[in-house]
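Try each task yourself before you read the solution.

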Amino acid sequence: MRLARLAWLFFKVGSLNELQYRTNFFIQLLQSAVSIGVALVVLQVVYSHTPELNGWTEPELLVVLGIQLLLGGVISTSIQPNMQRLMEEVRDGKLDFALTKPEDSQVLVSIRDVRIWRAVDVIGGAAVLAYGIRGLEAGVGLGDGLLFIGLLALGAVTIYCFWLVIATLAFWIVNVWEIIELFQGVYLAGRFPVSIYPGWLRFGVTFLVPLAFAITVPAEAVTSRLEWSTVGLAIGFAVALFAFTRWWWGFGLRRYSGASA
Amino acid sequence: MSAAEAEAGRVRSYLDYYLTRARTQIQSNFQYRVATYMWLIGMLAEPIVYLVVWTTIADQQGGSVQGISTGEFAAYYIVWTLVRNMNIVFTPYGWEWRIREGELSAALLRPLHPIHDDIAGFAGWKVVTIILWLPIAAVLWIAFDPTFDIRAAEIAAFCVAIWGAYLIRTMFLSSLGMVTFWTTRVSALFELMVGLELLLSGRLVPLPLMPDWVEDLAAVLPFQWSFYFPIQTLVGDMSNRELLEGLGMQLLWIVALTGLFLVVWRFAVRRYSAVGN
């Protein structure tokens, strides 16, 4: 409860700060419109050559794209800014300020920053998702809908853990910027269901960069192709990854030597 | 000293500058091999995604899409990775930073147009990426089994065309970068340009797979000369005449875009005012 209040407080302060720069909203709006437009055209091109891609119809792929954009918005609104700041502060030694506060350090480093204008992508993604769902022949039942929301939340947690694991590497390797670039490149792979990738690649985007659990699995819930074993695997993986992240953060933190060292 | 001698001296000093600048850049980039590899692998995701999508479609339709087989798709996107590397140049974001931070002041004091430094420096970096790219190409070759049918003339044309592509995109993005003299918020415009380029250059798919009107539009724009054409020199089945014509078109675009850049530069640089120290 206390932590939720703290997160809300940080969110409010961060938002107020961002609200000063309203032009950024319009620039973000333009930028998101361009990237969503291009993504839609890409799907058009793909489906002008085929009625279905490995069993996925166009509305179903719109669902996948919508989720990828939505989650991308969540990442760039809150996860990525916090993790970038963490990596910078490890390098500069400014992390002292967070560590000396009487709260859990992992929570603190995860909620300090917010870029609310990036949330435009969340709305755009949701719109694409809704448009895709409208085109589905089968429709989406209440059960599938709830399952989808649950799995999406779980997916966001998985991605957060992935980011924190990478960001924690900053305690050993000073320059982890290229890993961010690497993630942004690989994240594009989430625009298509992971089942189309060859085995070694599917393994990579499932367990190394957990795009399968974050994007494809929720999309499977919406398009009624989800199996319960997949749900179990997704939950098991998220729990295990969360536990590992918690331990890993503490392990990395011990390496931190502070500003004056 | 005659005019001809003075001219020869000028050319020699430019050449010397380019070689030295490229060499120091090569030395500096070779120190960060791991970083460069991370970055190269991040970039690989894009063509692999496209390749897998088109291979899937080709397989569904009995092995090819509009006459392009899976092996040819593999060849296209493997060559794509090198051409894309050649295509990475100083972006409008770089100009934005340069102007906002006042970095341009120092560059303006030199007796040399700042663009020379960009071209030479990035060219040196290209040498490093080409070398580091070779093992990656080998891995992709094994993983995706491309079909190549290459003639010596095509290799020669390719070696020239990738540098043509480099210059075209440098001059294009530098011209776009001039916008930052008027506004330091160039991101939306740049993203729009990248989006258009994705669709009109052959970066997304080989151009013949696009609708006819897109192909017609692409024919009058510079984008395909820094993407589709260099890839096609190696992957496509072009006659010597077609190769030469293509290189000619590249030259035309280099001249046109350099002209555009120099004209806009004259107006733009007057707006520059350095702040602070």
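Helices here are DSSP runs of at least four residues and strands are DSSP runs of at least two, both numbered from the N terminus. With that in hand, chain B comes to 11 helices and 2 strands. Keep in mind throughout that this is a predicted model.

**Exercise 1. Work out the fold pattern of each chain.**

Solution. 
- Step one, chain A: count 11 helices and 0 strands. Reading along the sequence gives α-α-α-α-α-α-α-α-α-α-α.
- Step two, chain B: the count is 11 helices and 2 strands.

**Exercise 2. Check the overall dimensions against the globule rule.**

Task: what radius of gyration does chain A have, and what does chain B have?

Solution. 
- Step one: a compact globule of 261 residues would have a radius of gyration near 18 Å, and chain A has 19 Å, so the value agrees.
- Step two: for 277 residues the expectation is near 19 Å, and chain B has 20 Å, so this one agrees as well.
- Step three, the boxes: along the principal axes, the C-alpha atoms of chain A fill roughly 60 × 45 × 35 Å. Those of chain B fill roughly 65 × 45 × 40 Å.
- Step four, the inside: buried residues are 51% of chain A, and 51% of the residues of chain B count as buried.
- Step five, the contacts: in chain A, 81% of the contacts with a separation of 6 or more are between residues 24 or more positions apart. In chain B, 80% of the contacts between residues at least 6 apart join residues at least 24 apart.

**Exercise 3. Describe the surface and the charges.**

Solution. 
- Step one: chain A exposes about 12400 Å², with 65% supplied by carbon and sulfur atoms. For chain B the accessible surface is about 13100 Å², and 65% of that belongs to carbon and sulfur atoms.
- Step two: chain A carries 18 positive and 18 negative side chains, and the centres of the two sets are 10 Å apart.
- Step three: chain B carries 18 positive and 22 negative side chains, with the two centres 14 Å apart.

**Exercise 4. Look at where the chains meet.**

Solution. 
- Step one: chain B brings 31 residues and chain A brings 31 residues.
- Step two: between them the chains bury about 2600 Å², 78% of it on carbon and sulfur atoms.
- Step three: on the chain B side, Met38(B), Val49(B) and Arg185(B) lose the most area to chain A, together 19% of what that side buries.

**Exercise 5. Buried or exposed?**

Task: is Leu65(A) buried or exposed, and where do Thr245(A) and Gln224(B) sit?

Solution. 
- Step one: find Leu65(A) in helix H3 of chain A. Its relative accessible area is 2%, so Leu65(A) is buried. Leaving aside neighbours within four places in sequence, Leu65(A) touches residues including Val128(A) and Arg191(A). The C-alpha atom of Leu65(A) is 9.8 Å from that of Leu188(A), 123 residues away along the chain.
- Step two: Thr245(A) is in helix H11 (residues 228–253) of chain A. At 1% relative accessible area, Thr245(A) is buried too. Beyond its neighbours within four places in sequence, Thr245(A) is in contact with Cys161(A), Leu164(A) and Val165(A).
- Step three: Gln224(B) lies in the loop between helix H9 (212–219) and helix H10 (228–235) of chain B. Outside its four-place neighbourhood, the contacts of Gln224(B) include Leu200(B), Phe229(B) and Pro230(B).

Definitions and conventions. Residues numbered from 1 in each chain as written. Chains lettered and ligands numbered in written order. Predicted model: local features only at pLDDT ≥ 70, side-chain atom pairs only at ≥ 80, totals over all residues. Heavy atoms only, no water. Buried < 20%, exposed > 50% of the residue type's maximum accessible area, 1.4 Å probe, protein only. Contact = heavy atoms within 4.5 Å. Rg over C-alpha atoms; globule rule 2.2 N^0.38 Å. Areas by Shrake-Rupley, 256 points an atom, 1.4 Å probe, with all protein chains shown as cover. Lys, Arg positive; Asp, Glu negative; His and termini not counted. Charge placed at Lys NZ, Arg CZ, Asp CG, Glu CD. Buried area = accessible area lost by both parts, 1.4 Å probe.
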